[in-house]
Amino acid sequence: MVLEMKVPSPGESITEVEIATWLVEDGDYVEKDQPIAEVDSDKATLELPAEESGIITLKAEEGDAVAVGAVVCHIDMSAAKPEGGADTKEAPKAEEKKEEAPKATPAKETYATGTASPAAKKILAEKGISASSVKGTGKDGRVTKEDATKAVPSMGTPGMGSRGSERKKLSMLRRKVAERLVSVKNETAMLTTFNEVNMQPIFDLRKEYKEDFKAKHGVGLGFMSFFTLAIVRALKMYPAVNSMIDGKEMVSFDFQDISIAVSGPKGLMVPVIRNAENLTFRGVESEVKRLAIRAREGQITVDEMTGGTFTITNGGVFGSMLSTPIINPPQSAILGMHNIVNRPMAVNGEVVIQPIMYVALSYDHRIIDGKESVGFLVAVKEALENPVELLMDNNPKKSLEM
């Protein structure tokens, strides 16, 4: 009996996928539930497991876009599992006798070989080229003016390095991300506002509590929990930032689902921390770690990346000082974190070196006014610079034990 394997639906609204990689070859024997292919949708890369055991016949090539429900392979379930591996190596071919080409008689060298004529010497000297590196075609190997002219590269002449190129088809996920980013730039009134955050208070808290925090909860006390909880607080203060446009309507949310941009093997992934308003520092750090691991191992699902009311992206891990992040549609705002650099600051009338991070808020000006965007970012700054009072209710030890 031959089973026709069809492309299952990876998620709602997805109508086609792309065969990214076949993990088996045509004619292989596969076991039930064995991964046989990786398929790209416009949201994630998923593994396609064999539905039954048998000999597989592939019906689609790598790179093919196939509709959900289309047949991609046949599995002959009546075929017996082969015993052992057949020796498919071919016997070595007899060495072919090669006729040796007659050896060329080397050109006779004299005192003139490699010597440049006066005109050639002037041309080579102007360009800093040694006469010994130029093959002479004149009498007895003398370097002529024509030889020197040919040896001097003209403007636009390629150098001696590699000039190869490679053409590679973009994955469906990468193409979809590109389309969405372009549509955001074209269809929203996107603006970006900036501010700076003195990270010293967070540095002090992490230095004092990070060892106990990790020993108690099994995760590190990073910056993401401080930023997430500061954003949750600011979203409650400025609900327009926690909204989105749907046609002619503005949809506002009474919950905070925070999307976290993560660099994965197939490109940018944006898993979502659900109901971040209900999480503690431990809860945020645990969820960030879980989602980041799943994204980097290619195990993230479409559901885990769907939704989100606000996004955080951290270009600082790659060394970015400042950027203008692009909104993650259909959301209306995104916060960009950047690297932390020691900079001189005026503190109580004195110049002090402090760890400073520049932060950027990109927002859709159609529903978020300048006053709200600036106020939101200032609220985030205030919470990060005074976390004990504004994020920990003046009791950091209790907040980090929960």
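This is a predicted model: local features need pLDDT of at least 70, side-chain atom pairs count only at pLDDT 80 or more; totals for chains, interfaces and linings use all residues.
Which side chains meet Glu385 in a salt bridge, and how far apart are N and O? Lys381 is the partner, at 2.9 Å from N to O.

Numbering runs from 1 along each chain as its sequence is written, and side-chain values use heavy atoms, with hydrogens and water left out.

**View 1. The whole chain, for orientation.**
The protein chain has ten helices and 19 strands; these are DSSP runs numbered from the N terminus, with helices being H or I over at least four residues and strands being E over at least two. Of its 402 residues, 38% are buried. Here buried means under 20% relative accessible area, exposed means over 50%, and partly exposed is in between (1.4 Å probe, protein chains only). The accessible surface comes to about 24,100 Å², and 51% of that belongs to carbon and sulfur atoms; areas come from the Shrake-Rupley method with a 1.4 Å probe, and for residues only the protein chains shown count as cover. As for contacts (heavy atoms within 4.5 Å), take those between residues at least 6 apart in sequence: 64% of them join residues at least 24 apart.

**View 2. Lys381 and Glu385 on helix H8.**
Back to the opening pair, one of seven salt bridges in the structure. A salt bridge here is a side-chain nitrogen of Lys or Arg within 4 Å of a carboxyl oxygen of Asp or Glu. Lys381 and Glu385 are four residues apart in helix H8 (residues 370-385), so about one helical turn separates them. Lys381 is buried, with a relative accessible area of 18%, while Glu385 is partly exposed at 28%.

Glu304 forms a salt bridge with Arg294, and their closest N and O atoms are 3.1 Å apart. Glu304 lies in helix H7 (residues 302-305) and Arg294 in helix H6 (residues 281-296), so the pair ties together parts that are ten residues apart in sequence. Glu304 is buried at 15% relative accessible area; Arg294 counts as partly exposed at 22%.

**View 3. Arg366 and Asp364.**
Arg366 forms a salt bridge with Asp364, with the closest N and O atoms 2.7 Å apart. Asp364 is buried, at 3% relative accessibility, whereas Arg366 is partly exposed, with a relative accessible area of 47%.

**View 4. A negative patch that draws on helix H4.**
Asp204, Glu208, Glu211, Asp212 and Glu401 form a negative surface patch. Helix H4 (residues 200-217) supplies the largest share, four residues. Asp212 is found in helix H4 and counts as exposed at 55% relative accessibility. Patches are made of residues with over 30% relative accessible area and no salt bridge, joining like charges within 9 Å and nonpolar side chains (Val, Leu, Ile, Met, Phe, Trp, Tyr) within 5 Å. For the charges, Lys and Arg count as positive and Asp and Glu as negative, with His and the chain ends not counted; each charge is placed at NZ of Lys, CZ of Arg, CG of Asp or CD of Glu.

**View 5. Asp76 and its contacts.**
Asp76 is found in strand S8 (residues 71-76) and is partly exposed, with a relative accessible area of 26%. Leaving aside neighbours within four places in sequence, Asp76 is in contact with Met1, Val2, Ser53, Gly54 and Ile55. Ile56 is 20 residues from Asp76 in sequence and 6.5 Å away in space, C-alpha to C-alpha.

Most residues other than glycine have a negative phi, and most peptide bonds are trans. A cis peptide bond joins Pro329 and Pro330, with omega about 5°; Pro330 sits in the loop between strand S16 (310-314) and strand S17 (333-337). Asp33 has a positive phi of about 75°. Asp33 lies in the loop between strand S3 (29-30) and strand S4 (35-40), and is exposed at 54% relative accessible area. Asp393 also has a positive phi, near 55°. Asp393 is in the loop between helix H9 (387-390) and helix H10 (396-401), and is exposed with a relative accessible area of 67%.
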